[in-house]
Structures are given as structure tokens and as C-alpha cells.
Amino acid sequence: MSLAFAAPETLGELATLLGPGTAPWLIAGGTDRLIAPAALPESGLIVDLTRLEAITGIAEAADRLSLGAGVTVARLTRDRRVARLAPVLAQAAEVFGSVQIRNRATIGGNVAHGSPAADLVPALLAAGADVRLWRPGGTESLPLEAMLVRRPALGPQEVILGFDLPVGDPAPHGAFVKLGPRQEPAISRLTLAAAGPAGRMRLFAGAIGAVPLRLGEAEAILNAGRAGFAAAVAEGVAAANPGRASTAYKARAVRGLAEDLLERLDETPR
């Protein structure tokens, strides 16, 4: 069988392509595949999702910010609504890969790929995002945390339509910092993301496990006054990686990263 290509413009057209027994290869920005050409299929169906109108929008409502899964990382860095209502996500997008990658990569693709080092995932979790899933026959909305712990996180005929981030008055505060072997572009070795109203911020560490880890003790300190925050973050990261060769390095480096997070929180407009 030869390799075929389709680019549906509506969910109805996509449903036709995802019939019973089919397993097409879904692609959006395609940046993860560009560095792994050997993984390209030799036969079957490639479905390009970028023309789907249902996944391309950004919308602000009284209680949420809605982001289509097809929104590019570069667009996250430019959109004023994202900067105002989800600064943690805007900051994560700013240090995401290279300029070329940001212009192609999508928020939905970064989540769907399932990389432990995905920069946008801890930012979305800290922001308390819900994910909107579509499959032939219906849609479903659930907390992103609930989707990530499923195995597999996405079913063979499921597509991420977008994400809904809760907002209020005042808008949520937030910050994102990362540790890598160089400034840009680099695969993250550790990330920290904090977001939420004052006194109720959520704190996640990324690139230390299959899914980002919520650092409960450090989060409580962050919300209560910050004294001992860096030590608590270091302890939480060390507990998540017992016996790893990188544990000692990360225990030292994460203290500095935690201080960077506090500084970024103080710098970010409220």
C-alpha cells in the first residue's frame, strides 16, 4: 500500500478519515518528526490537521482563555491575551526551541507527543488547564492532568481540539523557568512552572518524569511566604529521582532555578 495524504478542513471530513479500523498518522506542525525521518511511515495515511478551523483560534471569555490545539508556539509569544491571562504559558513559549521550531510547533502537538521534556505541559498544568478532546461521535473536556495519566494518553482516534485555562479578576499570576545545557535551543533538563491567584498558586516541575510533578510542599511554602522555598523544591525534585546519576547535579542546580522562578514572579506584571 502506498502512502496517502489528506488535509481535512472540518471535523466531519476528519471523522470520515478516522473510520473503524483505521489508524492514520496525525500531524500538525510536524517538528517532532523532522528530527526523526526514519520514523516516517512507508505506507498508510498521513492526516494534516493544520487546516481544521476548529483548532486554530484563541478566545477570551469572562472565566477562561481558550486556545486551539493548532495555535503555534510563536503565536503564544505574540498574543496579548496570553501574556495577560496566562503569563506562565507565554514565558514557556518564549524559551521553546528555536525561532524556526516555534513558527511550526503547535501547543496541541507538544502535549500529544508525550515528551517528558515538553516545555508547555508543566505551564498548562500550573495554569489549571482543561483539555478538549474530539473523537468520531463526540467531544469530551477533562483536566489535562487526568488525560496525561491515561495509558495511552490519547486514543488512536482521539484528537486534541484545544485547552481552556481558568481566569478571573485579577488575572492569574505566573512564571516559567528552565534548565538546559545551553540557552537556546535546548532540550530541558528541568523546568519549573507556577501559576494562579495570589495564595493559591500551583507549582509543577517538568523533565523529571514521564509527566510533570506537582511539588506540593514547595507549593505550600510559595503560597505562605516563600521562606525555605528553594530547599523544598530541591527536596521534591530529589525525591522524584532517587538513585539517578543526575540527582546530585539537579539538587544543586534546582535551588538556583527556584530562586530564578521567584525573581521571575516578582518581575511579571500583576
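Student: Which residues in α10 meet residues in α11?

Tutor: A218, I221 and L222 are the ones in α10, and they meet F229, A232 and V233 in α11. Keep in mind that this is a predicted model.

Student: Okay! By class, what kinds of residues are in that contact of α10 with α11?

Tutor: The contact has 6 nonpolar residues, with no polar and no charged ones.

Student: Is the crossing of α10 and α11 left-handed or right-handed?

Tutor: That crossing is left-handed.

Student: Let's stay with α11. Which of its residues are buried?

Tutor: F229, A230, A232, V233, A234 and V237 are buried in α11. F229, A232 and V233 also meet α10, as we saw.

Student: How many Å should α11 span, and how far apart are its end C-alpha atoms?

Tutor: Helix α11 has 12 residues, 229-240, so at 1.5 Å a residue it should span 16 Å. You count one less than the number of residues when you work that out. The end C-alpha atoms are 17 Å apart in the model, which agrees.

Student: Where is A207, and what is its phi?

Tutor: A207 sits in the loop between β11 (202-206) and β12 (213-214). Phi of A207 is near 70 degrees, again positive in a residue other than glycine.

Student: Is A207 buried or exposed?

Tutor: Buried: the relative accessible area of A207 is 13%, and the cut-off for buried is under 20%.

Student: New topic! What kind of peptide bond joins R151 and P152?

Tutor: A cis peptide bond, with omega about -5 degrees. P152 is in the loop between α9 (144-148) and β8 (159-166).

Student: Back to helices. How many residues of α5 are buried?

Tutor: In α5 (residues 87-94), 7 of the 8 residues are buried, so this helix is largely enclosed by the rest of the structure. The buried ones are P87, V88, L89, A90, Q91, A92 and A93.

Student: Where does I187 lie, and is it buried or exposed?

Tutor: I187 lies in the loop between β9 (173-179) and β10 (190-196). With 67% relative accessibility, I187 counts as exposed. The C-alpha atoms of I187 and F96 are separated by 8.9 Å, and these residues are 91 places apart along the chain.

Student: Last one: where is R214, and what does it touch?

Tutor: R214 is found in strand β12. Leaving out residues up to four places away in sequence, R214 touches R202, L203, F204 and E219. Its relative accessible area is 36%, so R214 is partly exposed.

Student: And how far is the C-alpha atom of R214 from that of I107?

Tutor: They are separated by 21 Å, with R214 and I107 lying 107 residues apart along the chain.

How values were computed: Residues numbered from 1 in each chain as written. Predicted model: local features only at pLDDT ≥ 70, side-chain atom pairs only at ≥ 80, totals over all residues. Heavy atoms only, no water. Helix = DSSP H or I, 4+ residues; strand = E, 2+ residues; numbered from the N terminus. Buried < 20%, exposed > 50% of the residue type's maximum accessible area, 1.4 Å probe, protein only. Left-handed = near helix turned anticlockwise from the far one by under 90°. Contact = heavy atoms within 4.5 Å. Nonpolar A, V, L, I, M, F, W, Y, C, P; charged D, E, K, R; others polar.
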